[in-house]
Amino acid sequence: MTKATSFVAIFLVGAMALFLGEFLVTAQVKCNVMELSSCVPAISSSTPPPPSPTQKCCAKLKEQEPCFCDFLKNPLAKPYVNSTRAREVLAICGVPFPQC
């Protein structure tokens, strides 16, 4: 299994766990790691994505920003949100990494 395949598998397991009822509401945002699915191509590859997926990804990162501390506490979502590449994508999108 490749690193990218492992990453996607971890992401999907985490997303399913959240989808099955562990949604949190923070600052009127429905926290849902599935909302970050548009960021998977940018995070799982070192190649910059085309502009339109990046815009959608950045918009979702900004929307879900209040939820990052909760995502980092979830052992299934943490590898997705806390990876080196995820931090790079946050920086590209102008979203600060959470200080929880």
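Student: Which residues does Ala86 touch, not counting residues up to four places away in sequence?

Tutor: A contact means that heavy atoms lie within 4.5 Å, and by that rule Ala86 touches Ile43, Tyr80 and Val81, with residues up to four places away in sequence not counted. Please keep in mind that this is a predicted model, in which local features need pLDDT of at least 70 and side-chain atom pairs count only at pLDDT 80 or more, while totals for chains, interfaces and linings use all residues. Residues are numbered from 1 along each chain as its sequence is written, and side-chain values use heavy atoms, with hydrogens and water left out.

Student: Where does Ala86 lie, and is Ala86 buried or exposed?

Tutor: Helices are DSSP runs of H or I with at least four residues, strands are runs of E with at least two, and both are numbered from the N terminus; Ala86 lies in helix α6, residues 84-92. Buried means under 20% relative accessible area, exposed means over 50%, and partly exposed is in between, using a 1.4 Å probe and protein chains only. Ala86, with a relative accessible area of 5%, is buried.

Student: In what order do the elements of the chain run?

Tutor: From the N terminus on, the order is α-β-β-α-α-α-α-α, which comes to six helices and two strands. Of the 100 residues in the chain, 37% are buried.

Student: How is a pair of aromatic rings described, and how many does the structure hold?

Tutor: A pair of aromatic rings is described by the distance of the centres and the angle of the planes. Rings of Phe, Tyr and Trp (its six-membered ring) pair if their centres lie within 6.5 Å, and planes under 30 degrees apart count as stacked, over 60 as edge-to-face and the rest as tilted. The structure holds one aromatic pair: Phe68 and Phe71 are tilted, at 6.3 Å centre to centre with 45° between the planes. Both residues lie in helix α4 (residues 68-73), three residues apart, which is about one turn of the helix. Phe68 is buried at a relative accessible area of 2%, and Phe71 is also buried, at 3%.

Student: How many disulfides does a search of the whole structure find?

Tutor: A disulfide is a pair of cysteine sulfur atoms within 2.5 Å, and the search finds four. One of them joins Cys39 to Cys57, with an S to S distance of 2.1 Å. This pair links distant parts of the chain, 18 residues apart, with Cys39 in the loop between β2 (29-31) and α2 (40-44) and Cys57 in helix α3 (residues 51-64). The link is right-handed, with 110° about the S-S bond; Cys39 is buried at 0% relative accessible area, and Cys57 is buried at 1%.

Student: Which cysteine forms a disulfide with Cys69, and are the two residues buried or exposed?

Tutor: Cys69 is bonded to Cys100, their sulfur atoms being 1.9 Å apart. Cys69 sits in helix α4 and Cys100 in the segment after α6, 31 residues apart, and this pair too links distant parts of the chain. With -95° about the S-S bond, the link is left-handed. Cys69 is partly exposed at 25% relative accessible area, whereas Cys100 is exposed at 63%.

Student: What pattern do the disulfides of the chain follow?

Tutor: With bonded cysteines counted along the chain, the pattern is 1-5, 2-3, 4-7, 6-8.
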